[in-house]
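Here are my notes on the model, as promised. Have it open while you read; the points go from charges to rings to the cores.

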Amino acid sequence: MTELSINEIYYSVQGESSFIGMPCIFIRTMGCSLRCSYCDTEYAFYEGKKMSFEEILTKVKEYPARLILLTGGEPLDQKESYDLLSLLCNSGYEVCLETAGHRDITNVDIRVHIILDMKTPSSLMMKKNKYENLKLCTKKDEVKFVIGSEEDLEWSVNLVNEYQLTNT
């Protein structure tokens, strides 16, 4: 039986990305190998429980939305997340993955909308970015930057230009 450490599963309205305003089921995984200075979900580092894929699907089916966001913590810190993403797609859901960008996204199901959260200088985790992931993003994917300073803004604009992210 495949399991994931889950912090919480809940139903709300998506507040970020191109899916903003849409009803969404959030699956927040437990744990994160980063410690960003501006993290707003530190509780997900330590709080949660193991859930089987069957338990996760049962919970998800309680909600009327067809959009799911797998977030964290950091979902890709748990290798089982890749299989859960495929299972959710196979179950008829539109699936998004928000990932910090320090884990390889090569094996993420091609049907998943990736929201790649590149770590800016003020995060103090910029050195952990896996820049190869930017080359793997497609037109359906998005790159996210948390801007906490002028330096973050300049760094982000430079990255967008360097990787031609508006042309992907």
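1. Salt bridges, to start with. I call it a salt bridge when a side-chain nitrogen of Lys or Arg is within 4 Å of a carboxyl oxygen of Asp or Glu. With that rule, Glu16, Glu98 and Lys144 come out linked in a network. The count for the structure is 10 salt bridges.

2. Some ground rules. This is a predicted model, so local features need pLDDT of at least 70 and side-chain atom pairs count only at pLDDT 80 or more, while totals for chains, interfaces and linings use all residues. Numbering starts from 1 along each chain as its sequence is written, and side-chain values use heavy atoms, with hydrogens and water left out.

3. Lys144 bridges to Glu16, with the closest N and O atoms 3.0 Å apart. That pair links distant parts of the chain: Lys144 is in strand β7 and Glu16 in the loop between β1 and β2, 128 residues apart. (Helices, H or I with at least four residues, and strands, E with at least two, are DSSP runs numbered from the N terminus.) Lys144 is buried at 18% relative accessible area, whereas Glu16 is partly exposed at 39%. For these words, buried is under 20% relative accessible area, exposed is over 50% and partly exposed is in between, using a 1.4 Å probe and protein chains only.

4. Two more bridges to click on. Asp109 and Arg111 meet at 2.8 Å, N to O; Asp109 is buried at 14% and Arg111 partly exposed at 39%. Lys59 pairs with Glu62 at 3.3 Å between the closest N and O atoms. Here Lys59 is partly exposed at 27%, and Glu62 counts as exposed at 51%.

5. Now the rings. A pair of aromatic rings is described by the distance of the centres and the angle of the planes. Rings of Phe, Tyr and Trp (its six-membered ring) pair if their centres lie within 6.5 Å; planes under 30 degrees apart are stacked, over 60 edge-to-face, and the rest tilted. Searching the whole structure gives 5 aromatic pairs. One of them, Tyr10 with Phe26, is stacked, at 5.0 Å centre to centre and 5° between the planes. The two sit in strands β1 and β2 respectively, 16 residues apart. Tyr10 is partly exposed at 25%, while Phe26 is buried at 7%.

6. Phe145 and Trp155 are the edge-to-face example, at 6.2 Å between centres and 80° between planes. Phe145 belongs to strand β7 (residues 142-145) and Trp155 to helix α4 (residues 150-162), so this pair ties together parts 10 residues apart in sequence. Phe145 is partly exposed at 21%, and Trp155 is buried at 17%.

7. Charges over rings: the test is NZ of Lys or CZ of Arg within 6 Å of the ring centre and within 35 degrees of the ring normal. Arg35 lies over the face of Phe45, 3.7 Å from the ring centre.

8. Which residues of helix α1 are buried? In α1 (residues 53-60) they are Phe53, Ile56, Leu57 and Val60. They are on the same side of the helix because they cover an arc of only 95° around the axis, the arc being that of the directions from the helix axis to the C-beta atoms. An α-helix has 3.6 residues a turn, so residues three or four places apart point the same way. The buried residues of α1 pack against β1 (3-13), β2 (23-29), β3 (49-52), β4 (67-71) and α2 (80-90).

9. Take Ile56 from that set. Leaving aside neighbours within four places in sequence, Ile56 is in contact (heavy atoms within 4.5 Å) with Leu4, Ile6, Ile9, Ile27, Met51 and Leu84.

10. Finally, the cores. A nonpolar core is a set of buried Ala, Val, Leu, Ile, Met, Phe, Trp, Tyr and Cys residues joined through side-chain atoms within 4.5 Å. The largest has 34 residues, and Ile9, Ile25, Ile27, Ile56, Val60 and Val108 touch the most other members. β1, β2, α1, β4, α2, β5 (94-99), β6 (113-118) and α4 each supply at least two of its residues, and α2 gives the most, with 5. Apart from this core lies another of 7 residues, including Phe19, Leu67, Leu69 and Cys96.
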